[in-house]
Amino acid sequence: MPVIATVTGATGFLGRRLVHSLLEENDLIVRCLLRESSDTDALYENVPVIARERIEIHRGELNDKKFVEEHFANSDVVYHLAAALGGSASTMFLNTVIPTRQLLETAARVNVGRFVLISSMGVYGTQTVKRWGTLDESTPVDPMPEKRDPYTFSKVRQETVAQELSESLGLPLVIVRPGVIYGPGRSAVTSRVGLPLGPMVIRMGGGQQLPYTFVENCAEGIKLAGLTPDMSGEIFNLVDDDLPTGKRILRLMKQQGQRIRTLWIPRGAIGPLSRIYEWYSNWSEGQLPPVLTRHKCEAMWKPLRYSNAKAKHKLNWKPKISTEDGLQQTIAG
Amino acid sequence: MPEPTHKLKIALLGCGQIADAHLSQIARIDSVEVVAVCDVHEDLAYQAAARFNVPKTYTNLDRMISEVRPDVVHITTPAHTHADLSIKLLNAGCHVYVEKPFTLDATESASVLAAVEFSNRSICVGHDQLFDPMWLRCRDWIQRGLIGKVGHIESILGYPIAGNFGALVAANPNHSVRKLPGGLFQNTISHPLYRITDLMDEDQPKIIGGWHTQPEYDFPTEMQLSFQGRTQSASLTFSTHIPPQRITRVYGSKGSLEIDIDAQTIRLNKIAKLPGAFAKLEVSWQHLRNASWNFANNCWRFAKADIHYFAGMKGLFETFYGSIQNGTDPPIPPHQIHRVTQLMDRIFDHCREQDGTSRINNVSTTPNQEVSKCL
Ligand SMILES: NC(=O)c1ccc[n+]([C@@H]2O[C@H](COP(=O)([O-])OP(=O)(O)OC[C@H]3O[C@@H](n4cnc5c(N)ncnc54)[C@H](OP(=O)(O)O)[C@@H]3O)[C@@H](O)[C@H]2O)c1
Ligand SMILES: NC(=O)c1ccc[n+]([C@@H]2O[C@H](COP(=O)([O-])OP(=O)(O)OC[C@H]3O[C@@H](n4cnc5c(N)ncnc54)[C@H](O)[C@@H]3O)[C@@H](O)[C@H]2O)c1
């Protein structure tokens, strides 16, 4: 019997790479649950015709219990990637947390073998980690996620809901927390590097490591989290080796002829500036929204080291594409 | 009868997009406190409560009412739920603030307003732009006679369909907004419409114009209407071809005003007094003075931290709460609420007639005599 791996969010930036990675396994069928409006062009790109036969496409809404139940049935593993990456807090909760709740309930009902939830490394609270200390799976999740951005808040809640339901329903759950995923089609200059201000990037610090993972490396790690035996209840961080710094990314982009204007805020100034901004935001009752607070700045730009030892050890995962190559490919587009 | 002057207990029902604006603006008002939020989805209630420090969350309205006994409930749920929820809350003894559009049609509006009478509670509809600082200034300048008698009002709403909400509605044929009697417009034209009715004396002017469906969509996306009264006229434009903007131009016998709620500016154009070529200098000079005034005014407001996107909402909330605490009339009189709803019914009926499409709901467009009497 072939293994059936069901994927939500298969048309996304990460999802389609996961599908490609799963197709490298023989005797495995990838079942994709898509919305009516989802575009499958990129999903099929570079997939050999023979492998295409092992992709099943089913269209419907994730909040349609019947639809989900029908296609979760016989699934050995469900990879749940679908999530909102932008919008207001309520939109993110509506598209991320609420479907997760329903999917887990359905997965338990039809006895899915394993549910792999794609969370995010952003869920960690960095308060307990010293500067230049190591963040790994033992680091606690942010105890005040509501003070972070709506995306992170929704991912923390998504994890909490998944863990509670997995426990109460007896559904085997594996949580994967990728770092920032980059690759062709998605810029390597993210908010971890700095903040966009018109045509400029305000580089925040710049010497600190960034928790990055190249999209194909990440997809491979996620695949293994679903297929490696006896992983129920585990949590894995996915970040690459030789992590880049913001300075390195921007330098590389300039070397490759990209024009990018930056304004540098030294690391030492981030704390005091965020304090002033937060005070002003409170005092002005939100005339300037609280986008820069001490809590957010700590979580984003505190100098830390990020460990991928657990995924390497337990999943036998190895980031195949080096950071140097990954960045080159990304910058080249 | 005035209410006791304890902090009013506020609860909010429906923790979606606009709930954030309500909760952030209520937090700026000292005389009240938010005691609970409720949503059919526990996760949505949870996120709102966590971000705005609300002590209690509910998924069941009856439980919320009986446990926290709120003085005022804000209804921020989709339009089709407004009437039933308002009636239920009024009957339970709560004052109600309901987001626009007030109800789906005038029949529902009549029932809600009858419940207001019956329950002796107050109701307020989310016509918040009437309390925006620029709108208040516009009213003040009109009252001071700066533009003379108002003869024409032009109200514009730019609403790119690719925006957050428009895109959702366009992508989903089953989106609840598509099922409203006035479709997308039911959810969106309240604001530009009440900016007209606020200055137009005639309750139910003649309607000319209609809506239009762009070829790439399967529901009407544009609207262009003209309202003709005996002594005043108005026009309403809803366009997806222009960036988001909320602009009103008010033309009077002595000049005109342009109110830009997004830019927080108000431009006064007086009819020139000087003759011939001198008039051109006079008008440009006026524009320069006016621009300087707007610049200085906004600098001063920025310095005072007085620039807030939902400032009108805060103003309306405060006035509504004040009316409850002091036992005075609510800020938006019931007959004005009903009038806008009736006008919306007539607009959608008229557009359908022009379009040759049939009604989705059986909407009454003649003023409901019984309710009109009790308003
Ligand atoms: N990108 C990162 O840096 C990063 C980092 C850590 C974790 N993650 C996580 O990785 C996952 C995938 O991210 P991504 O970067 O690939 O995002 P993406 O490119 O935006 O893809 C999101 C996918 O989810 C689907 N989706 C969104 N809302 C949905 C809904 N309500 N119902 C059904 N499908 C829905 C989208 O379908 P359509 O094609 O129909 O739009 C798309 O396939 C997410 O869970 C994200 O939180 C991402
Ligand atoms: N004043 C403004 O500028 C403005 C802007 C946007 C929306 N609105 C209006 O606000 C209202 C809500 O719009 P939105 O965009 O926030 O919608 P939304 O869909 O984002 O939120 C509505 C919320 O209500 C909840 N809900 C639905 N029925 C419920 C019930 N019976 N009990 C409890 N909760 C329930 C839903 O779960 C959802 O969370 C609409 O009438 C809309 O026209 C006003």
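The model is predicted. In it, 19 residues of chain A are in contact with 20 residues of chain B. The area buried between the two chains is about 1700 Å², and carbon and sulfur atoms give 57% of that area. On the side of chain A, Ser90(A), Glu285(A) and Gln287(A) supply 31% of the area buried against chain B, more than any other three residues.

Counts for the pair of chains are set out here.

| Item between chain A and chain B | Value |
|---|---|
| Salt bridges | four salt bridges |
| Polar contacts (both residues at pLDDT 80 or more) | 10 residue pairs |

Helix 5 (89-109), helix 6 (150-169) and helix 9 (267-283) of chain A are the elements that give two or more residues to the side of chain A that touches chain B. Helix 5 of chain A gives the largest share, eight residues. By type, the residues on this side of chain A are nine nonpolar, six polar and four charged.

Chain B holds an open sheet of six strands in the order 3-2-1-4-5-6, with parallel pairing. Strand 3 (56-58) and strand 6 (123-125) of chain B are the edge strands, each pairing on one side only. Neighbouring strands of this sheet are turned by 25° against each other on average, direction ignored. Strand 1 (residues 8-13) and strand 2 (residues 32-38) of chain B run parallel and are joined by six bridges. Leu8(B) stands opposite Val32(B), which lies in strand 2 of chain B.

Conventions:
Residues are numbered from 1 along each chain as its sequence is written. Chains are lettered from A and ligands numbered from 1 in the order in which they are written. This is a predicted model: local features need pLDDT of at least 70, side-chain atom pairs count only at pLDDT 80 or more; totals for chains, interfaces and linings use all residues. Side-chain values use heavy atoms; hydrogens and water are left out. Contact means heavy atoms within 4.5 Å. Buried area is the accessible area (1.4 Å probe) that two parts lose on being put together, summed over both. A salt bridge is a side-chain nitrogen of Lys or Arg within 4 Å of a carboxyl oxygen of Asp or Glu. A polar contact is a pair of N or O atoms within 3.5 Å; within protein, one must be able to donate a hydrogen and the other to accept it, and residues adjacent in sequence count only if both atoms are side-chain atoms. Helices (H or I, at least four residues) and strands (E, at least two) are DSSP runs, numbered from the N terminus. Ala, Val, Leu, Ile, Met, Phe, Trp, Tyr, Cys and Pro count as nonpolar, Asp, Glu, Lys and Arg as charged, and the others, Gly among them, as polar. Two strands pair if DSSP finds at least two bridges between them. Axes are lines fitted to C-alpha atoms, for helices over the stretch in contact, and angles run from 0 to 180 degrees between N-to-C directions.
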